[in-house]
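Please walk me through this structure in the viewer. Tell me what to select at each stop and what is there.

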Amino acid sequence: MRPFSYTNAKNKEQALQTFTKTSHYLGGGTNLVDLMKEDVERPDQLIEVANLEYKNITKNNEGGYTLGGMLSNSETANHPDIRKNYPLLSMAMLSAATAQIRNMATNAGNLLQRTRCPYFFETSMPCNKREPGSGCGAKDGMNALHAIFGYSDKCIATHPSDMCVALAAMNAKVEVQKTDGSSRTIDFTDFHRLPGNQPEKDNTLEPGELITVIHLDEPKFSDHYYYLKIRERSSYAFALVSVAAGLQIKRGVITKAGLAMGGVAHKPWKFTKVEKYLEGKKPNKVNFKAAAEMAMQDAKPFEGNKYKVEMGKKAIVRALTQAFEREA
Amino acid sequence: MKSIKASGIGNPIDRIEGHLKVAGKAKYASEFPVENMVYAQGVNSTIAKGKITSIDTSEAEKQNGVLAVITYKNAEKLKNYPKDMTNFSLTTVAPVFQDRQVHYYGQYIACVVAETFEQAQYACRLIKVTYEEETPDIHLDKNRGKAYKPGESADFSRGDMDAGMREADVTLEQTYTTPIEHQQPMELHAAIVNWNDGKVKMYANQQILNQATTSISETFGIPKEDVQIITPYIGGGFGSKLNVYKHITMATMASKMIGRPVQITVTRHQMFTNTGMRQFDEQEMRLGAKKDGSLTALAHHTTSHTAKNLQYFEACGNVSKMLYKTPNNAVTHRLIPLNIQCPSSMRAPGEATGSFALESAMDELAWKLKMDPIDFRIKNDTQVDMGADKPFSSRLLIECLRIGADKFGWENRKMQPGTNKKGNWLIGYGVSAASRRAPYMKTSAKVVLELNEAAVNANIKMDATDIGTGTYTIVAQTVSEYLGIPVENVKVEIGDSEFPVTPGSGGSWGAASYCNGARKACENAIAKLKKKQNITESEEIEVAELLQQNNLTTFEAEGTAEPSEEYKKHSVFSFGANFTEVWVDKDTGMYRIKRMVNVGSAGKILNPKTAYGQIIGGLTMGAGMVIAERTQVEPNYGNFITRTLADYHVPVNLDMANIDVVFLPEDDKIANEMGVKGIGELGITSVAASIANAIFNATGKRMRDLPITPEKLIEAGLEPGVA
Amino acid sequence: MDEMEKWKNGSDTDQLSKDEEKIFDEIGLNGTSRRKFLKQMSAASLSIWASSYLTSDLLASPARTLPDNPEILLNEVRVNLRVNDMVKQLALDSRTSLLDALRERLQLTGTKKGCDHGQCGACTVMVDGKRKLSCLTLAATCEDKEITTIEGLAENGNLHPMQEAFLKHDGFQCGYCTPGQICSSVALLEEAKNGEASYVTEDFKDVKTDLKLSEEEIRERMSGNICRCGAYNNIVQAFKEVHSGDDEMPTWEFATAKQMEKAKNS
């Protein structure tokens with residue numbers, strides 16, 4: 001680890017004012033501290049924000065709930081209001097990492113997880129995300145774990161979060177504080193970005209912006225939800241492909257669908273078109289299969305990750321089926 | 001001698017060192033409080049082949065707390081490898097920083113010593129190196145022309161393979177591949193080394209102390225007696241701690257240079273690049289059988305790789321020489337030198353991988369013969385090791401298979417794959433036969449008796465190690481048994497190279513060797529005490545009384561046990577059978593092991609509790625071979641792209657399921673006087689095949705390339721002949 | 001002697017714990033013979049009746065003060081670490097992980113470094129009652145937090161029931177992941193009481209407390225602690241016994257003479 005100074009921010013003002021362009025906010029540290037040990041992240045100042053006040057879950061004006069950014073993943077996933085109203089979110093969050101890590105990781109930090117691409121982690125390898133201009137090692141190297149949607153010539157990495165896949169399926173908004181004291185709200189689908197020519201930027205945050213809370217829409221998928229995570233071992237592994245599926249079903253017809261996939265793109269991949277397609281349809285195998293075909297038709301895999309197309313289809317059908325069959 | 005029933009051998013007592021382990025008080029290599037200690041860290045090369053052209057350490061040396069940076073420029077001259085390919089043995093030297101050459105990605109090129117761990121770690125990042133890079137040989141396929149035969153023992157043949165194949169009614173020719181795997185014990189390789197006045201003393205997690213001290217003394221050109229290694233507890237080895245690796249050399253050199261004790265803890269990343277691995281193996285199998293199931297031919301050809309300057313060779317094909325009766329048999333091994341670190345032993349080297357190929361092939365042939373795979377194996381059982389032309393000292397493989405089949409409920413297995421279904425799950429049963437050589441080696445021990453009123457306390461010393469295998473406990477039970485004293489009165493002191501010499505822990509020889517050595521010391525003590533009083537050997541007398549009659553309060557004796565002539569005339573093996581039930585998700589390619597039954601015939605079971613641990617540990621690591629363990633080499637740069645425990649997936653708790661173990665009562669006095677056989681590697685042997693065979697039975701997909709990941713299962717097609 | 005004094009003098013490590021006292025008593029070692037045995041302990045002394053803290057060796061001294069030397073530390077932070085109900089003020093490099101602070105500065109080496117990157121669980125400790133990874137926790141962030149390590153689980157010299165259960169069910173082999181497994185298990189008891197869910201929980205909407213965890217649930221929730229020796233089965237048994245209070249039976253057996261006979265002749 002490079003040397004850094006440490007500041008424990010007492011309040012948000014202190015955090016924002018202390019921030020310089022080489023600072024990093026520290027939440028649970030589960031990703032940042034690891035990356036600092038790997039010499040991938042090299043802040044010269046850490047500002048601990050984990051003790052700031054944003055640690056509650058409250059009802060919001062849209063009929064939904066607002067999650068504190070500094071609340072831990074496990075407290076969020078286990079909160080009775082979240083489990084009852086947003087079980088899809090609980091399930092996705094609990095599929096991630098381990099109990100220890102979920103106890104440490106914050107909600108804001110979860111959104112800011114960086115890719116698990118091995119070229120990103122290994123400083124002796126080329127990686128445009130870690131070192132712009134150095135090239136992408138994965139494109140012509142080992143890309144079994146990489147993107148099949150939305151990548152660029154510069155970067156084919158994927159976003160590793162499970163929580164974010166559920167948030168993408170559910171519709172959420174991220175509220176951030178700017179260093180000048182003002183705040184803004186970002187649609188969840190606009191929060192993460194595609195790599196394009198700037199793969200070093202994972203999201204649309206400006207330097208110094210601090211995630212304070214996450215707003216959730218009114219609950220729609222509390223009866224029909226499933227988060228399917230396909231991975232190499234049964235627990236404590238990142239997804240090869242994951243699917244968050246939420247359905248609202250009234251009188252045998254899908255009235256609202258949420259569908260997003262993890263492990264396939266630089267951001268949680270929301271299938272907006274497929275969601276629309278499912279709405280008004282009956283929840284059955286034929287429609288789920290059609291949805292899966294539609295979802296995966298634009299996939300452009302690499303040599304190493306062709307399997308993700310077929311796996312993705314199977315995963316969508318399974319997740320939608322499980323969501324539908326779940327006893328309401 | 002009268003046995004203390006509650007604590008002698010055969011009883012499932014708790015581990016005697018267990019209190020310390022569950023309380024967090026057992027001290028591992030890096031944990032001893034040593035005054036004035038500093039920290040060292042190794043720096044790895046970032047090319048796979050070439051020459052260092054410059055190395056700038058100035059920035060690192062300027063940092064607070066940094067005491068030294070060692071590179072080829074300022075390293076002391078050590079005994080280096082000979083020019084040609086050197087056999088990588090347990091006593092091979094471990095030179096470091098002797099020249100500018102880089103032979104593999106991650107080779108140590110520098111070492112930083114600093115006051116704190118944080119300082120050392122950071123300073124490593126500041127060393128600037130330039131290289132003259134050459135194209136490394138990293139692909140097996142592109143270097144097949146360089147394959148060579150690693151010595152005469154690499155090839156074996158009996159009868160006429162081609163004739164045997166012609167005679168066969170049914171044949172099978174298939175290739176099985178197993179990836180590079182890493183041992184990855186939970187405890188990182190570590191040492192605290194103190195060089196003092198030409199002598200070196202270290203806490204270091206080495207599995208075999210007597211060989212390690214030789215390696216270190218030869219590397220530094222100092223007498224073996226001047227090297228002491230202390231290692232009371234070792235946090236797992238699985239073969240990776242058999243050899244002396246270069247972090248030991250770095251820390252020793254550093255301590256000598258700066259005159260302070262040096263701690264080095266290898267990083268988990270370096271556990272991939274610098275502390276050994278299991279190599280990639282490609283195994284071509286050719287089998288032929290008559291309609292009745294009798295094998296007519298069996299060939300096993302292995303191609304794997306070794307380092308450019310060091311040769312490590314493991315005999316995957318040996319299992320095909322001895323497990324089944326076949327008139328025609330051919331086994332070959334070829335190595336291809338690559339710019340990848342030298343492979344080394346990983347739990348059941350040769351057997352773990354070789355048995356995957358053989359026991360998968362046997363399952364395939366049984367399927368082709370439309371025979372039950374257990375019947376097929378029993379049909380080809382042999383009581384003679386045809387490869388060595390010696391009888392087995394004892395072989396209960398048929399009993400293992402039949403008792404296991406009953407216990408497991410094998411009769412419920414569906415012959416036709418894909419027909420046992422439950423919801424989204426396809427259910428399959430798999431079986432495999434296991435065999436592992438049960439070696440026994442010369443071992444010495446010293447026992448000190450002390451009379452304390454009417455009780456006798458015994459202190460046994462040997463340079464043995466306990467890598468989780470239960471050495472403390474089984475040695476204590478042995479001493480309890482042969483002295484006739486309660487186990488609580490036995491103090492076991494191991495893990496110090498100054499104690500009497502043993503073969504150390506590895507190769508499944510530990511339990512048999514350690515316990516017979518301890519037995520011999522106890523027997524000698526009693527014989528000497530009896531002789532002094534002219535008591536006949538056969539007379540039963542309490543050891544306390546013996547001491548009293550001799551008017552002694554303390555007495556010590558040494559003993560050395562070694563294999564008999566009978567042992568040498570036989571092939572001595574442990575045998576076993578593995579049964580696995582697997583549930584495969586029909587769509588996603590994910591699967592779960594639902595239960596396992598293992599039946600083992602491994603001689604006298606010294607302590608079924610710790611023996612059970614060895615078996616389930618082997619099964620778990622074997623399951624890891626199938627589930628996800630695989631280290632991949634980056635095709636363009638030659639580094640391991642699998643570089644952390646987040647990439648290298650060893651089994652987690654949820655991957656495993658209930659495991660029932662049945663031990664067979666086996667009395668094999670040819671193996672050794674106590675009839676003890678190794679069990680540490682038996683568990684991992686062939687379990688991969690039993691899982692892969694279960695996956696076939698569930699899905700109809702024959703998976704011949706480990707690991708069997710969801711992506712491979714999704715892409716695999718059905719085997720011809722499966723409906 | 002108050003706790004601070006005990007800590008400073010290191011006497012908590014020099015003296016026998018209640019457990020060790022108990023072992024000595026059980027095996028009838030008293031007075032001079034006890035002292036004599038202690039004296040005999042050599043460097044690698046690993047007897048059943050002594051803590052390895054008692055090890056004496058030319059190399060080893062009981063306490064380590066280095067490096068409380070502020071001039072060599074950049075970005076020094078001063079932290080009051082409250083570990084196992086004792087408080088120690090440390091001057092640390094801001095980069096120091098909680099794990100390294102425990103092991104290298106406080107000699108609390110029960111907490112293990114398995115990977116240093118949050119990928120194995122060997123460094124699990126409890127922070128304010130929650131299991132967390134000490135390798136990814138900066139010591140600087142631990143001011144005012146209550147840290148419990150494996151060394152702090154025993155009470156009044158008695159092992160925690162979970163420690164006893166691990167011993168009884170052989171929930172370890174090499175012992176290196178064990179402190180993490182036990183800390184994780186102890187925290188999991190509490191999580192089950194609180195009704196926390198896991199990925200394998202059937203119905204997330206069914207919120208209740210005092211859960212009785214199925215084997216599948218236990219395995220999933222213990223999957224953050226890797227045991228390379230593969231003692232998972234025994235770990236599950238140990239946990240179950242403490243969690244449910246039932247006696248767990250071993251899953252090994254010896255074949256009977258009848259079974260052997262049948263197998264040989266069928």
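Select Asp116(C) and Lys37(A): the two form a salt bridge, with the closest N and O atoms 2.8 Å apart. This is a predicted model, and the distance is computed from its coordinates. Across the interface of chain A and chain C, the rule finds two salt bridges. Between these chains there are also 25 residue pairs in polar contact, both residues at pLDDT 80 or more.

Next, colour the side of chain A that touches chain C. The elements that each supply at least two residues there include the strands β1 (5-8), β3 (45-48) and β9 (224-230), and the helices α2 (32-37) and α4 (80-85). By class, this side has 18 nonpolar, 14 polar and 13 charged residues.

Now show both sides of the interface. Here 45 residues of chain A are in contact with 42 residues of chain C. The buried area is about 3500 Å², and carbon and sulfur atoms give 56% of that area. Pick out Arg83(A), Gln100(A) and Tyr236(A): in chain A they lose the most area to chain C, together 20% of what that side buries.

Then colour chain C by pLDDT. The chain averages 81, and 73% of its residues score at least 70. Select residues 1-15 of chain C, where pLDDT stays under 50, and then residues 24-67 of chain C, where pLDDT also stays under 50. Where pLDDT is low, the predicted coordinates should not be read in detail. For the whole model, the scores are ipTM 0.97 and pTM 0.95.

Last, go to residues 519-549 of chain B, which an unreviewed UniProt entry annotates as "coiled-coil region". In the model this span is 68% helix and 0% strand, with its end C-alpha atoms 22 Å apart.

How values were computed
Residues are numbered from 1 along each chain as its sequence is written. Chains are lettered from A and ligands numbered from 1 in the order in which they are written. This is a predicted model: local features need pLDDT of at least 70, side-chain atom pairs count only at pLDDT 80 or more; totals for chains, interfaces and linings use all residues. Side-chain values use heavy atoms; hydrogens and water are left out. UniProt positions are given in the numbering used here, feature names are shortened, and annotations may be inferred rather than shown by experiment. Helices (H or I, at least four residues) and strands (E, at least two) are DSSP runs, numbered from the N terminus. pLDDT is the predictor's confidence in each residue, from 0 to 100. Contact means heavy atoms within 4.5 Å. Buried area is the accessible area (1.4 Å probe) that two parts lose on being put together, summed over both. A salt bridge is a side-chain nitrogen of Lys or Arg within 4 Å of a carboxyl oxygen of Asp or Glu. A polar contact is a pair of N or O atoms within 3.5 Å; within protein, one must be able to donate a hydrogen and the other to accept it, and residues adjacent in sequence count only if both atoms are side-chain atoms. Ala, Val, Leu, Ile, Met, Phe, Trp, Tyr, Cys and Pro count as nonpolar, Asp, Glu, Lys and Arg as charged, and the others, Gly among them, as polar.
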